[in-house]
Amino acid sequence: MLEIKNLHASIDGKKILKGINLKINAGEIHAIMGPNGSGKSTLAQVLAGREEYEVTKGEIIYEGKNLLEMAPEDRAREGIFLAFQYPVEIPGVSSTNLLKTALNEIRKHRGLEQVDAMEFLSLIKEKTKLVELDQQLLSRSVNEGFSGGEKKRNEIFQMAVLEPKLAILDETDSGLDIDALRIVAKGVNTLKSKEKAVIVVTHYQRLLDYIIPDFVHVLYNGKIVKSGGKELAFELEEKGYDWIKEVKVVQVHEQV
Amino acid sequence: MNHSSEIKNWYLKNYELFENSLNGDRFSSINGLRKEALNKFSDLSFPTVKDEEWKYTSIAPLLEHNFVPSLNKKTLTKDQIENFLFDDLESNVVVVINGHFSEELTSLNKIPKGVEISSFAKAISSNSPLVKKHFSKYADFSKHIFTSLSTAFTRDGVLIHISEGKIIERPIHILFITSSENEKLLIQPRNLFVAEKNTQATIIEHFVNINSGVYFTNTVTEIVVGENAIIDHLRLQEENKSAFHIGRIDIDLERTSNFTSHFISLGASLTRNDFNARFNDEGGECTLNGLFLTEGNQHFDVHTLIDHAKPHCNSHEHYKGILDDNSRGVFNGKVIVQPDAQKTNAFQENNNIILSKEALVNTKPQLEIFADDVKCSHGATIGQLDNDAMFYLKSRGIGEEAARAILIHAFASDVIKSVKVIPVRNYIEEILADKFNQPEARI
């Protein structure tokens with residue numbers, strides 16, 4: 001579904017990603033872990049198409065297409081969804097308005113009919129229940145005055161409505177209490193299917209108690225320095241990230 | 001002789017024709033004021049950017065034309081009027097064509113007894129005591145050349161008089177229609193709205209045109225909001241992109257009166273509008289909101305003055321500008337709190353969004369406070385569409401153009417939502433949606 005080859009990216013001339021290689025198949029859940037500043041969020045933003053990041057080398061193939069040539073909105077229409085680490089507040093735009101517009105643009109792209117008001121409302125009702133989000137929040141401006149937990153749940157709610165093929169969760173677990181964490185996990189697990197894939201970017205192993213990854217990758221200094229199964233997450237939790245930094249040095253020596 | 005004086009002489013020369021066209025009316029009670037204003041006009045000079053009040057607005061393009069005062073009545077068909085009416089609004093429609101009140105096209109329904117909505121010319125010729133009492137009392141022409149021009153050439157427009165205790169349920173929709181081909185008309189509707197004690201009405205001043213030629217609207221409206229009266233006022237300016245629009249509104253607020261105005265400005269190549277509101281007694285409330293959209297080479301300028309001359313009055317002001325292409329915007333809002341005006345609340349805000357690199361806005365919110373027990377605030381912002389918000393919308397599958405439309409609509413929404421007449425609000429929403437191609441998504 002997704003293949004990242006030797007991806008280099010920088011912002012304002014500062015190199016952040018320094019050769020990422022990653023292959024994700026449909027049906028898989030991948031966790032990307034790593035210390036702060038290792039490039040996790042940059043990778044998530046580059047996948048979603050944030051223009052501020054400049055891809056200087058490498059390629060990303062998504063469902064056989066060159067992802068880097070696609071505008072952010074086209075990526076979304078093709079099924080990529082990013083749950084933001086810091087969801088943006090948009091005064092004056094209601095969540096309902098945003099979602100209905102988004103859903104219809106995506107449906108239009110896929111040659112489907114527009115949803116009518118009734119269908120949309122019942123869809124909203126179903127999905128708000130799933131993520132236990134107060135439906136009244138939806139008539140308010142997007143994320144404005146939402147608590148941290150509400151913002152994160154709103155991201156998962158949007159994901160549930162838009163039903164992406166590839167969902168990228170950028171530290172959606174950060175700052176969440178255990179109940180909210182379970183809700184987020186429920187949203188992701190409901191989405192999970194043979195045709196879909198999920199990338200969970202996280203700093204902590206905690207979320208992975210609820211969303212069981214097939215693969216865990218450790219990102220450090222702009223590169224994936226270690227990949228493994230879910231047991232790698234436990235190892236990281238136990239030992240912290242310091243030993244990874246040493247591993248990395250060893251690898252660099254090997255390359256030399 | 002410089003060009004500016006030549007143009008002034010052109011208008012002075014035209015006065016004779018104007019006066020001849022008045023016939024008997026030249027002996028009416030206001031003729032003294034006309035003459036006085038003409039003399040003032042002759043003494044004053046057209047402003048240049050060296051004048052503080054016109055610092056960012058050059059009227060040079062206006063002075064390139066010799067506009068001809070519109071002396072003759074013109075008629076239009078009912079169909080031509082239909083297009084300008086608001087959907088789903090039951091209103092009293094008043095039609096003014098090229099500055100002349102049209103009796104045939106004006107249609108008033110359910111107007112209570114004691115309410116007069118009529119031609120200003122008729123009021124002048126019948127020596128109406130209202131005209132005598134209020135005309136030119138609020139819109140001081142002594143320092144304002146365009147007001148002196150209006151006052152000197154006063155001929156027709158709309159007079160509304162609401163006598164004590166009367167309530168007009170249906171909004172009064174005044175259509176100022178210009179129909180000019182290549183005549184380069186000077187259109188000067190002169191209006192007087194007097195709301196006596198305990199009255200209520202909604203008045204919409206709507207400026208439109210039928211042809212696309214160059215013309216010049218110079219309009220003055222004086223509004224008296226009597227004790228405990230409530231007036232909801234809207235001015236919707238949609239003149240064509242080669243027209244010039246200079247407008248002035250003076251509001252006299254009496255004890256515990258309430259005046260709200262929304263100025264929505266979309267048209268004209270050059271727009272300058274002055275609002276002067278004065279609290280003449282305690283407990284009044286005044287709201288001046290506005291939204292302007294400019295594109296191409298349009299120039300928009302609004303000057304507002306709220307004079308808190310008395311204590312316990314509240315004023316709110318919120319103007320929003322959306323500027324594209326090479327257009328220019330000017331907001332100059334002044335609030336004066338006089339020494340007596342304790343317990344004043346005055347809030348003023350101007351926010352602007354610039355959609356292109358070339359567009360420019362000058363904003364100057366000013367507070368002059370001479371009392372010590374007051375609550376006042378003012379602020380101004382100029383910015384671009386928020387990049388983070390744009391990316392967020394795009395990341396949800398919403399295309400560039402639609403995302404832009406959504407954010408522009410969101411920016412304007414609080415001013416639009418404060419428009420109380422729903423069909424007019426819907427109309428403004430539609431204009432925005434058409435202009436920026438917003439997909440249908442509202443629920």
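**Figure 1. The contact between chain A and chain B in the predicted model.** Chain A contributes 25 residues to this contact, and chain B contributes 21 residues. On the side of chain A that touches chain B, two or more residues are given by each of helix 2 (72-77), strand 7 (90-94), helix 3 and helix 5 of chain A. Helix 3 of chain A provides the largest share of that side, with 9 residues. Sorted by class, the residues of the side of chain A that touches chain B comprise 14 nonpolar, 6 polar and 5 charged.

**Figure 2. The crossing of helix 3 and helix 5 of chain A.** Helix 3 of chain A spans residues 95-109 and helix 5 of chain A spans residues 148-162; their axes come within 10 Å and cross at roughly 30 degrees. The crossing of helix 3 of chain A and helix 5 of chain A is right-handed. The class composition of the contact of helix 3 of chain A with helix 5 of chain A is 6 nonpolar and 3 polar residues, with no charged residues. Both helix 3 and helix 5 of chain A also give two or more residues to the side of chain A that touches chain B.

**Figure 3. Buried and exposed residues of helix 7 of chain A.** Helix 7 of chain A covers residues 231-239, and its buried residues are Leu232(A), Ala233(A) and Leu236(A). These residues lie on the same side of helix 7 of chain A because they cover an arc of only 105 degrees around the axis. An α-helix has 3.6 residues a turn, so residues three or four places apart point the same way. Glu231(A) and Glu238(A), on the other side of helix 7 of chain A, are exposed. The cover over the buried residues of helix 7 of chain A includes strand 3 (29-33), strand 11 (215-220) and strand 12 (223-228) of chain A.

**Figure 4. The surroundings of Arg140(A).** Arg140(A) is placed in the loop between helix 4 (117-130) and strand 8 (141-142) of chain A. Because 16 other C-beta atoms lie within 10 Å, Arg140(A) is partly exposed. When residues up to four places away in sequence are not counted, Arg140(A) touches Ser94(A) and Gly145(A). Gly92(A) is 48 residues away from Arg140(A) in sequence, and the two C-alpha atoms are 8.2 Å apart in space.

**Figure 5. The two assigned domains of chain B and their contact.** The domain assignment of chain B lists domain 1 (3-281) and domain 2 (386-443). A distance of 32 Å separates the C-alpha centres of domain 1 of chain B and domain 2 of chain B. In the contact, 12 residues of domain 1 of chain B meet 8 residues of domain 2 of chain B. The side of domain 1 of chain B that touches domain 2 of chain B receives at least two residues from each of strand 9 (200-209), strand 11 (230-237) and strand 13 (258-265) of chain B. The residues of this side of domain 1 of chain B are 7 nonpolar, 2 polar and 3 charged.

**Figure 6. Phe275(B) in strand 14 of chain B.** Strand 14 of chain B, which contains Phe275(B), covers residues 270-279. Phe275(B) counts as buried because 24 C-beta neighbours lie inside 10 Å. Apart from neighbours within four places in sequence, Phe275(B) is in contact with Ile249(B), Ser261(B), Leu288(B), Thr304(B) and Leu305(B). The C-alpha atoms of Phe275(B) and Glu227(B) are separated by 20 Å, and these residues are 48 residues apart along the chain.

**Figure 7. Positive phi values at Lys110(B) and Thr256(B).** Lys110(B), a residue other than glycine, has a positive phi near 50 degrees. Lys110(B) belongs to the loop between strand 3 (100-107) and strand 4 (115-119) of chain B. With 10 C-beta neighbours inside 10 Å, Lys110(B) counts as exposed. Thr256(B), also not a glycine, has a positive phi of about 45 degrees. The loop that holds Thr256(B) runs between strand 12 (244-253) and strand 13 of chain B. Thr256(B) has 16 other C-beta atoms within 10 Å and is therefore partly exposed.

Methods
Residues numbered from 1 in each chain as written. Chains lettered and ligands numbered in written order. Predicted model: local features only at pLDDT ≥ 70, side-chain atom pairs only at ≥ 80, totals over all residues. Buried ≥ 20, exposed ≤ 12 C-beta atoms within 10 Å, placed from the backbone. Helix = DSSP H or I, 4+ residues; strand = E, 2+ residues; numbered from the N terminus. Arc of directions from axis to C-beta. Contact = placed C-beta atoms within 7 Å. Domains from an automatic or database assignment. Nonpolar A, V, L, I, M, F, W, Y, C, P; charged D, E, K, R; others polar. Axes fitted to C-alpha atoms, helices over the stretch in contact; angles between N-to-C directions. Left-handed = near helix turned anticlockwise from the far one by under 90°.
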